[in-house]
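Hi everyone, thanks for making time.

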Amino acid sequence: MKVISVFNQKGGVGKTTTNINLCSYLAMKGYKILTIDIDPQGNTTSGLGIDKSNIDKSIYDVITNDSPLKDVILKSQLIENLYVAPSTLELAGAEIEIIEMKNRESILKNKINELNSEYDYVFIDCPPSLGLLTLNSLCVSSSVLIPIQAEFYALEGVGQLVNTIQLVKKSLNKRIYVEGVILTMFDNRTKLSNEVCKEVNKYFENKVYKTTIPRNIRLAEAPSFGLPILLYDDKCKGAECYDKLSEEFLTRQEG
Ligand SMILES: Nc1ncnc2c1ncn2[C@@H]1O[C@H](COP(=O)(O)OP(=O)(O)O)[C@@H](O)[C@H]1O
Ligand SMILES: [Mg+2]
């Protein structure tokens with residue numbers, strides 16, 4: 001069982017979109033996937049068709065140490081092999097509630113360890129911050145998947161991001177590494193996107209996936225229907241690219 005954080009402390013760069021769609025394609029290909037939503041916004045939860053107002057227990061109960069993880073996991077009604085640990089706004093208060101706890105950075109790690117490796121991959125959709133929720137995610141992860149939006153300020157904040165991973169590596173999780181970098185909202189025709197691509201490749205060397213994700217309106221529409229792209233419009237460019245990304249992801253796992 002491999003645990004991967006989808007992380008970039010910048011908001012709106014495509015973390016959740018990448019998480020939902022990568023998980024969906026991997027599950028469709030037969031891998032048993034758990035996605036843990038640790039963003040209080042709960043966009044992975046609702047984007048996978050789970051009604052947040054109807055949730056009995058969420059990742060909040062796990063982080064605050066009131067529930068085992070297995071008690072909050074829901075089987076996706078949409079996709080076989082896909083499981084979701086949902087989040088609700090309540091989670092926003094959890095960081096403050098756990099601040100005094102011993103091992104406050106490793107709560108999620110302990111909970112995931114109780115799962116007995118029953119999934120092939122666990123993907124954690126991180127909030128856009130460097131707080132305790134993110135630290136819990138980085139502490140338990142083998143690697144980090146970093147979506148970067150192909151825009152003028154793309155690399156702004158990336159130094160801080162890498163710094164955070166280095167800090168975690170020094171203290172909490174010695175073996176963590178960068179799984180891969182995904183360029184999102186990419187427009188092949190523009191000079192800007194191609195410049196950003198060059199810069200990001202220089203910074204992350206061989207970590208950047210060849211598959212880029214284009215700006216695609218269908219990808220933005222799908223969550224409002226509570227559907228991953230493969231169920232909303234599996235023929236659109238965005239679907240094609242996330243399918244391809246899942247293949248490239250898997251190829252790298254073998255390598
Ligand atoms: N490739 C894309 N094309 C078009 N819209 C996108 C794309 N990726 C993400 N979006 C939209 O951009 C917004 C931010 O994306 P999201 O995945 O929620 O980012 P994050 O989780 O990093 O905050 C959302 O409204 C989402 O639907
Ligand atoms: Mg998000």
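Let's begin with a lysine: the charged end of K32 sits over the ring of Y119, 5.0 Å from the ring centre. By "over a ring" I mean that NZ of Lys or CZ of Arg is within 6 Å of the ring centre and within 35 degrees of the ring normal. K32 also lies over the face of Y83, at 5.4 Å from that ring's centre.

Quick housekeeping: this is a predicted model, where local features need pLDDT of at least 70, side-chain atom pairs count only at pLDDT 80 or more, and totals for chains, interfaces and linings use all residues. Residues are numbered from 1 along each chain as its sequence is written, chains are lettered from A and ligands numbered from 1 in the order in which they are written, and side-chain values use heavy atoms, with hydrogens and water left out.

Okay, aromatics. How many aromatic pairs does a search of the whole structure find? Eight. Rings of Phe, Tyr and Trp (its six-membered ring) pair if their centres lie within 6.5 Å; planes under 30 degrees apart are stacked, over 60 edge-to-face, and the rest tilted. Take Y121 and F123: their ring centres are 6.1 Å apart and the planes are at 40°, so this pair is tilted. F123 also pairs with F249, again tilted, at 5.8 Å centre to centre and 50° between the planes. Helices (H or I, at least four residues) and strands (E, at least two) are DSSP runs, numbered from the N terminus.

Buried is under 20% relative accessible area, exposed over 50%, and partly exposed in between (1.4 Å probe, protein chains only).

For a contrasting spot, look at M101, in the loop between α4 (94-97) and α5 (107-113). At 25% relative accessibility, M101 counts as partly exposed. Leaving aside neighbours within four places in sequence, M101 is in contact (heavy atoms within 4.5 Å) with T64, N65 and I107. M101 and T64 are 37 residues apart in sequence, yet 9.5 Å apart in space, C-alpha to C-alpha.
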